[in-house]
Amino acid sequence: MGSTNDSSAAKKKPSSRKARLSNLAKREERLALRLLLPALLIIALIAFYPLAQVFYTSFTDRVFASGQETNFVGFDNYRRLLSVHVTTLDPVLDEATGEIMIDADSGEKVYERPLDVLPREPRRFREVNQFDLFGNRYVIGATDPSFIQSVSNTVVFTVVSVFLELILGLAIALVVNSKFRFRGSMRAAMLVPWAVITVVSARMWEWMLAPSRVGMFNALFDRLGMIESPIAFLAAGTYQLPAMIAVDVWKTTPFMALLLLAGLQTMPEDIFEAAEIDGAGKIRQFFTITLPLLKPAMAVALIFRTLDALRVFDIFQVMLGQAQYSMASYNYFQLIGNRAMGLASAIGVIIFILIFGFAIAYIKMLGVDRNE
Amino acid sequence: MNKRSSPFNLIKRVAFNFMIIFILVYLLFPFYWAVNSSLKTESQLFMTPATAVPRDPATLEFSPTFQNYSAVLQDGQFLRGLANSTIVATSTTVLALVAGSFAAFALGKLRFRGRKPALYLILAMTMFPQVTVLTGLYAVITALGFPARISLIFSYMIFTLPFTTWVLTAFFKELPDALMESAQVDGATPFQTFKSILLPLTAPALVTTGLLAFIAAWNEYLFALTFTSIDPSARTVPVAIAYFAGAVARQEPFGEIMAAASLVTIPLVVLVLIFQRRIVAGLTAGAVKG
């Protein structure tokens with residue numbers, strides 16, 4: 001709209017109008033650069049070298065904290081981390097009868113050993129997981145099964161916890177945005193989980209989830225008669241990821257809620273008054289006015305939550321240690337435990353790319369950056 | 001007209017209050033458990049089943065202990081850490097808000113070439129896991145020769161600056177261009193428009209972003225641990241807590257950690273209580289017409 005006006009005006013008085021416009025545009029551009037300068041200087045000073053170094057190191061076999069010579073290895077680190085191979089596992093035939101062997105204990109078919117069918121060249125592939133599809137059994141092998149497992153852990157963790165945080169955060173933001181007496185104290189109270197030091201909060205949850213009745217949850221469930229014997233939340237594979245998600249949702253829902261609340265508070269009230277006069281119900285107002293107007297705040301909140309969730313470190317490191325990795329805690333293990341700095345940098349770059357993908361997907365999906 | 005007394009509204013109000021209580025319990029219960037644990041002695045901590053208030057192991061009478069708190073407060077490390085954290089987190093927040101809101105004004109409201117690359121460049125700075133950038137950052141900090149606290153403030157820019165910039169850009173963008181144009185017609189310079197129109201109108205976003213950035217800086221552990229290794233007097237609270245946890249040779253002092261955590265969280269809550277008053281709802285009402 002603005003551009004058609006400009007062009008019709010420019011036709012009438014071509015030279016002076018055009019000159020003034022470009023002059024204005026130039027001034028705007030110069031102002032923009034001046035305003036960006038502090039941020040860009042900080043990036044140049046603090047971030048440029050470390051980021052460039054990570055990219056470079058990911059193509060080498062550098063060893064952390066050692067004088068060992070560093071060699072350029074091309075994409076070797078990436079190949080080692082990302083090589084995945086899926087193949088069928090055939091059932092084992094009984095040599096005597098020629099029929100499919102059935103395990104006497106479990107009554108299930110016996111399959112070949114994954115190690116026998118997975119490739120060994122150029123590096124040995126190890127089993128990550130097995131699954132059944134259309135009556136066949138498949139095995140997923142990888143040269144670095146721990147990493148592939150950590151990617152799947154992290155992505156599941158991110159998607160589930162960010163989704164739950166969005167729903168809960170939105171609900172809390174809507175409640176706090178309506179007028180009631182203790183609204184101010186409520187806003188302070190809702191920040192508490194975010195305010196508890198992350199490392200300490202991981203310890204606190206570890207204590208609450210302790211595998212005996214010393215832990216709050218086992219004591220409570222036992223009191224309610226819900227369990228026969230205490231649950232080992234952090235040691236049993238089935239509970240590990242859900243426990244991490246529960247802790248993260250508790251801790252970071254306030255972050256989401258506060259950003260959405262700010263979005264709700266900067267909305268012009270007259271739109272709602274107009275909708276009220278037009279007879280639009282509260283629910284309709286929510287879907288036709290609130291949600292669309294909330295999109296920009298939601299997009300940044302989602303981007304930064306996802307970014308943090310994909311880099312999740314503290315809670316995995318403190319509560320699960322070497323039992324289950326997130327991508328960042330595997331990264332830490334490779335760097336500090338194995339001193340494989342080249343490999344660790346490659347993990348960093350992979351996380352970087354994954355985050356970039358998520359960020360762009362959010363921006364496109366929510367259509368927040370369209371007015372270019 | 002008589003809206004308040006109709007039974008439907010009564011049910012609605014009861015449901016609303018119920019929801020508030022539910023939310024409060026969900027958000028506060030784990031913190032309550034931390035406070036509860038901080039008031040227990042070691043033997044009370046290991047009682048089965050765990051008790052909702054500190055109780056005497058033999059008589060089951062209510063008997064809290066303040067020994068964890070006095071141990072924490074007598075530890076000079078902790079109080080110094082509190083001061084360091086305050087200095088570092090406050091400076092970080094101010095710097096990130098100033099640089100971030102300037103950049104956000106340009107990115108959200110001005111037209112210029114390279115807008116999008118600049119936006120993504122700023123985000124890219126925070127997309128690596130902290131562990132990965134640590135060695136490179138350490139080299140930069142050593143080369144610059146900054147003292148420990150200053151290095152912390154600058155290294156915290158890595159995660160606070162992209163955050164403030166992006167959030168504020170999103171909020172500035174939502175303000176109608178008509179506002180700026182009318183201010184310009186009135187003869188205001190772009191910077192005056194920024195200071196007296198954009199900033200006040202997005203006050204809720206500014207305060208919220210500031211609080212979230214402050215807490216992120218307050219809680220940071222890995223950078224703080226690394227960059228204060230040469231200067232222990234600059235240790236922030238999370239590092240101080242980690243150290244007094246390791247200083248005791250016997251079992252880890254869980255009660256003391258929880259006491260410290262409770263002590264550290266309370267000033268933050270007070271801070272929010274002070275600042276949230278500045279977020280006056282409906283600030284924008286009527287400011288934007290047309």
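**In chain B, α10(B) passes α13(B) in a right-handed crossing.** A crossing is right-handed if the near helix is turned clockwise from the far one by less than a right angle, and left-handed if anticlockwise. The model is predicted: local features need pLDDT of at least 70 and side-chain atom pairs count only at pLDDT 80 or more, while totals for chains, interfaces and linings use all residues. Residues are numbered from 1 along each chain as its sequence is written, and chains are lettered from A and ligands numbered from 1 in the order in which they are written. The axes of α10(B) and α13(B) come within 11 Å and cross at roughly 170 degrees (axes are lines fitted to C-alpha atoms, for helices over the stretch in contact; angles run from 0 to 180 degrees between N-to-C directions). At that angle α10(B) is therefore roughly antiparallel to α13(B), a term used for angles over 145 degrees, with under 35 as roughly parallel, 65 to 115 as roughly perpendicular and the rest as oblique. From α10(B), the contact takes Val207(B), Leu211(B), Ile215(B) and Trp218(B); α13(B) supplies Leu268(B), Val272(B) and Phe275(B). Residues are in contact if their C-beta atoms, placed from the backbone, lie within 7 Å. The contact of α10(B) with α13(B) has seven nonpolar residues, no polar and no charged ones (nonpolar: Ala, Val, Leu, Ile, Met, Phe, Trp, Tyr, Cys and Pro; charged: Asp, Glu, Lys and Arg; polar: the others, Gly among them).

**α12 (residues 282-310) and α15 (residues 341-366) of chain A pack at an angle of about 165 degrees.** The axes of these two helices are 10 Å apart. α12(A) and α15(A) are therefore roughly antiparallel to each other. The crossing of α12(A) over α15(A) is right-handed. On α12(A), the contact is made by Lys295(A), Met298(A), Ala299(A), Leu302(A), Ile303(A), Thr306(A), Leu307(A) and Leu310(A). Facing them on α15(A) are Ile351(A), Leu354(A), Ile355(A), Phe358(A), Ala359(A), Tyr362(A), Ile363(A) and Leu366(A). By class, the contact of α12(A) with α15(A) has 14 nonpolar residues, one polar and one charged.

**Three strands of chain A form an open antiparallel sheet in the order β1-β3-β2.** The edge strands, each pairing on one side only, are β1 (84-89) and β2 (126-133) of chain A. From one strand to the next the twist averages 25 degrees. Helix α5 (residues 145-177) of chain A packs on the sheet and touches β1, β2 and β3 of chain A; the direction of α5(A) makes about 55 degrees with that of β2(A). Helices (H or I, at least four residues) and strands (E, at least two) are DSSP runs, numbered from the N terminus.

**β3 (residues 136-142) of chain A pairs with β2(A) over seven bridges in the antiparallel sense.** Strands pair if DSSP finds at least two bridges between them. Arg126(A) has Ala142(A) in β3(A) as bridge partner, and Glu127(A) has Gly141(A). Asp132(A) stands opposite Arg137(A) in β3(A). The hairpin of β2(A) and β3(A) has two residues between the strands, and Phe134(A) takes a positive phi near 50 degrees there. β3(A) is also joined to β1(A), by six bridges in an antiparallel arrangement; here Val86(A) has Ile140(A) of β3(A) as bridge partner.

**The contact between the two chains takes 86 residues from chain B and 78 residues from chain A.** Elements that give two or more residues to the side of chain B that touches chain A include α1 (7-38), α4 (76-109), α7 (148-174) and α13 (254-276) of chain B. The largest share of that side, 13 residues, comes from α7(B). By class, the side of chain B that touches chain A has 65 nonpolar, 16 polar and five charged residues.

**Chain B is divided into domain 1 (26-65) and domain 2 (70-276).** Domain bounds come from an automatic or database domain assignment. The centres of domain 1 and domain 2 of chain B, taken over C-alpha atoms, are separated by 34 Å. Nine residues of domain 1 of chain B are in contact with seven residues of domain 2 of chain B. α1 and α2 (42-45) of chain B are the elements that give two or more residues to the domain 1 side of this contact. α1(B) gives the most to that side, with five residues. Its residues divide into four nonpolar, three polar and two charged on the domain 1 side.

**Chain A is assigned domain 1 (85-143) and domain 2 (146-366).** Between the centres of domain 1 and domain 2 of chain A, taken over C-alpha atoms, the separation is 37 Å.
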